[in-house]
Amino acid sequence: MATTQAPAARGVLDRYFRISERGSTVATEIRGGLVTFFTMAYIVVLNPLIIGTVQDNGFAGNYLGGGSEPNIPAVAAATALVAGVMSILMGAVANYPMALATGLGLNAVVAYSVAALPGMTWADAMGIVVLEGLIILVLVLTGFRQAVFNAVPHDLKVAISVGIGLFIAFIGLVDAGFVRIPASLATPVELGIGGSLASWPLLVFVVGLLLTVVLMVRRIKGAILIGIVTSTVLAVVLETIVQAGGSRDAAGEPVATGWRLNVPALPDSWASLPDLSLIGQFSLFGSFSKIGVVAALLLVFTLLIADFFDTMGTMVAIGGEAGLLDEKGNPPNTTRILIVDSIGAAAGGAGSVSSNTSYIESASGVGDGARTGLAAVVTGICFLLTMFFSPAVAMVPYEAATPALVVVGLLMVVQITGIDWKNLEIAVPAFLGIILMPFAYSITAGIGVAVVTYVVIKLAVGKARQVHPLLWVTSVLFLVYFLQGPIGAALGI
């Protein structure tokens, strides 16, 4: 009887990243890394707009970097630098096709809920982020974080992957404006503009989505990357002809028919030297004297819970899409993945760009064939180059990049058949976790509700012994997280 053997390694890269062993090629990994970069490169533009345009609540009321005016280029350069270094580290150390960058949502919390507190400076706020990252690193090194991950039942891990698939598909639809909040507020969301696809940017999104789907159905290699590049070219051509403009006019009023985030156009200059003055601008314990120890620790806990569980869900979802999970639903090199991710949280604070975390957009590169850390290294290199070529990244509008997220969301949702839907003890928490990720716009919220519901149901049916002890601890932590508002009010914070 003939046996099937893995292809022999063909070079240093192949051996180090185990490319042939995982059924991939160097070319496929490079292409997958490029796809991941293009689907998450928006963070270099978006992060400065979130944390770079808000004044702290210190004595001088400074913007990030200590000035009286926003320093957008410096924030963009630091964002790209930390994302590049951490993505390379994830690929080289953990050999996992997952890139890191500043976490959306977390950066908004830092900008609007931390730096806005009385007496707080940006350096104090970033010190809280560093402290949170260091605590998570300790939890990883002691084995606690992985132990919690292993305690989650397999079906709930599948549900997390499915929920994240819906979540990133929803992100793609919303970011492109294909689904948006109606001006009338008559419904939570609507299709396009007043129920109609009445803009040129939406045409680019639809064309990009259909092109990517057709290429994937026809099994064309590089379908997602081809879709992004083609859509970007179409967007630049259309903008040159119709001049749709951005999503806001000169007075700052919203323009429904404009491009979202970036207006696609050939840049006047393709390269510029980066400003890295924000690196190291943090005060580790400065917040303790400004708002008190209890308030500071509550903020650390809030960021910690989000970081702690977001990555766990993300790495499972990506591993499931790549076929890298073992029979218990665990990815390879889990400890290394979590260590790098924890370092990323602290590095984001040290770089003054907020906590860096693993990006679910990495699934787009996996959907295009990436299976190893080489893809993450390629993504990281692209981020480092972005420090010098940021004008080129600004060519890609949301409408050209987001079709990849919708397609990858589809690929992840098909795992839903792995859940035992006839067993309500697992089906109910799985369902709640799946729907709340997109509906609450939070991976952490979905995981938290699923875990708490699972524990409550087991307790109610007399099967409490089936619940791993760490899930009891996790449930309590999630309850504190969900009730942080009332707890903070009770403590006078």
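Predicted model: local features only at pLDDT ≥ 70, side-chain atom pairs only at ≥ 80, totals over all residues.

Modeller: The axes of helix H6, residues 122–141, and helix H13, residues 334–350, come within 7 Å and cross at roughly 165°. Because angles over 145 degrees count as roughly antiparallel, H6 is roughly antiparallel to H13, and the crossing of the two is left-handed. On the H6 side, the contact includes Met 126, Val 129, Val 130, Glu 132, Gly 133 and Leu 134, while on the H13 side Thr 335, Leu 338, Ile 339, Ser 342 and Ile 343 are among the residues that take part.

Now to the backbone angle phi. Most residues other than glycine have a negative phi. Arg 18, however, has a positive phi of about 55° although it is not a glycine, and it lies in the loop between helix H1 and helix H2. With 36% relative accessibility, Arg 18 counts as partly exposed. Gln 243 likewise has a positive phi, of about 50°, and is found in the loop between helix H10 and helix H11; at 62% relative accessibility, Gln 243 counts as exposed. A positive phi, near 50°, also belongs to Asn 95, which follows helix H4. Helix H4 itself, residues 72–94, has 23 residues and reaches 32 Å from its first C-alpha to its last, close to the 33 Å expected.

Terms used: Residues numbered from 1 in each chain as written. Heavy atoms only, no water. Helix = DSSP H or I, 4+ residues; strand = E, 2+ residues; numbered from the N terminus. Expected span 1.5 Å × (residues − 1). Axes fitted to C-alpha atoms, helices over the stretch in contact; angles between N-to-C directions. Parallel < 35°, antiparallel > 145°, perpendicular 65-115°, else oblique. Left-handed = near helix turned anticlockwise from the far one by under 90°. Contact = heavy atoms within 4.5 Å. Buried < 20%, exposed > 50% of the residue type's maximum accessible area, 1.4 Å probe, protein only.
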